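User: Hi! I'm new to this one and would like a friendly tour. Could you show me what we're looking at?

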Amino acid sequence: MIVKLAETSIKTKFGEFKETLFYNGQKESHALVMGNIEGEENILCRIHSSCIFAHHFNSIECDCREQMEISQQLIQKAGKGIVIWLEQEGKGNGHFALIKSIEHKKKGVPQAEAYEKVGFSKDARDFTVAAEILKALKVKSVKMLTNNPSKVETLTKHGITVTGIQKTEL
């Protein structure tokens, strides 16, 4: 169950969005919405997990920041869409796991496997909250901006209609 805590507008380099802050009893999640999405179909939707390295420190070692920018550009071009920001640093393992995995990643090990090498899950993220947010925002269907099929699987499992996928690769 999620609760809507607050709303405000935010001006970005990609236009103005409305931010809605949600809380599920454990973590806060953010929905950045451009345009009218209530009752609409095929809404561009990015589910994005936090990444301290990319978003706070401007690291060039991962593509999180670029994926967010590409998503916001596509939403701006469409005139409407949603970004759901989830606090799931380090694929849900936390920032400590990310730091511990760096030595393996620098040796060419893919990030998910690097987490396993230091004793964490390949991907501990849960996208259920995103489905709950989409229901709260009364979106009929979404076109996902993602490279991750598990996001689509989770949304579909929780009753969200996904009409397509657009990859956010560079």
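This is a predicted model: local features need pLDDT of at least 70, side-chain atom pairs count only at pLDDT 80 or more; totals for chains, interfaces and linings use all residues.

User: Okay, which residues form a nonpolar patch on the surface?

Analyst: Met 1, Val 3, Leu 5 and Tyr 23 do, and together they have about 420 Å² of accessible area.

User: Where is Val 3 found, and how exposed does it count?

Analyst: Val 3 belongs to strand β1, which covers residues 3-12. Its relative accessibility is 38%, so Val 3 counts as partly exposed.

User: Let's zoom out. How many helices and strands are in the chain?

Analyst: The chain has 6 helices and 7 strands. Starting at the N terminus, the order is β-β-β-β-α-α-β-α-α-α-β-α-β.

User: And what does the chain span along its principal axes?

Analyst: The C-alpha trace spans about 45 × 30 × 30 Å. The radius of gyration is 16 Å, which agrees with the value near 15 Å that a compact globule of 170 residues would have.

User: What share of the residues count as buried?

Analyst: That would be 44% of the 170 residues.

User: Now the inside. Which residues of the largest nonpolar core touch the most other members?

Analyst: Those are Ile 82, Leu 134, Leu 137 and Leu 155, in a core of 24 residues. Six elements each supply at least two residues of this core: β3 (28-34), β4 (43-49), β5 (81-86), α5 (128-136), β6 (141-145) and α6 (149-157).

User: Which of them gives the largest share?

Analyst: Helix α5, with 5 residues.

User: What else is there besides that core?

Analyst: There is a second, separate core of 10 residues, and Met 34, Met 68, Ile 75 and Leu 145 are among them. Ile 75 is also one of the residues that Ile 82 touches, as are Leu 134 and Leu 137.

User: I keep clicking on Ser 71. Is it buried or exposed?

Analyst: Ser 71 counts as buried because its relative accessibility is 0%. This serine is found in helix α2, residues 64-78. Leaving aside residues up to four places away in sequence, Ser 71 touches Arg 46, Leu 145 and Thr 168.

User: Switching to charges: how many salt bridges does a search of the whole structure find?

Analyst: The search finds 7. In general, side chains of opposite charge can pair when their charged atoms come close.

User: One more, please. What does Arg 125 form a salt bridge with?

Analyst: Its partner is Asp 123, and the closest N and O atoms are 2.8 Å apart. Arg 125 is buried, with a relative accessible area of 17%, whereas Asp 123 is partly exposed at 31%.

Conventions: Residues are numbered from 1 along each chain as its sequence is written. Side-chain values use heavy atoms; hydrogens and water are left out. Helices (H or I, at least four residues) and strands (E, at least two) are DSSP runs, numbered from the N terminus. Buried means under 20% relative accessible area, exposed over 50%, partly exposed in between (1.4 Å probe, protein chains only). Contact means heavy atoms within 4.5 Å. Patches are made of residues with over 30% relative accessible area and no salt bridge: like charges are joined within 9 Å, nonpolar side chains (Val, Leu, Ile, Met, Phe, Trp, Tyr) within 5 Å. Accessible areas come from the Shrake-Rupley method with a 1.4 Å probe; for residues, only the protein chains shown count as cover. A salt bridge is a side-chain nitrogen of Lys or Arg within 4 Å of a carboxyl oxygen of Asp or Glu. The radius of gyration is taken over C-alpha atoms; the globule rule is 2.2 Å times the number of residues to the power 0.38. A nonpolar core is a set of buried Ala, Val, Leu, Ile, Met, Phe, Trp, Tyr and Cys residues joined through side-chain atoms within 4.5 Å.
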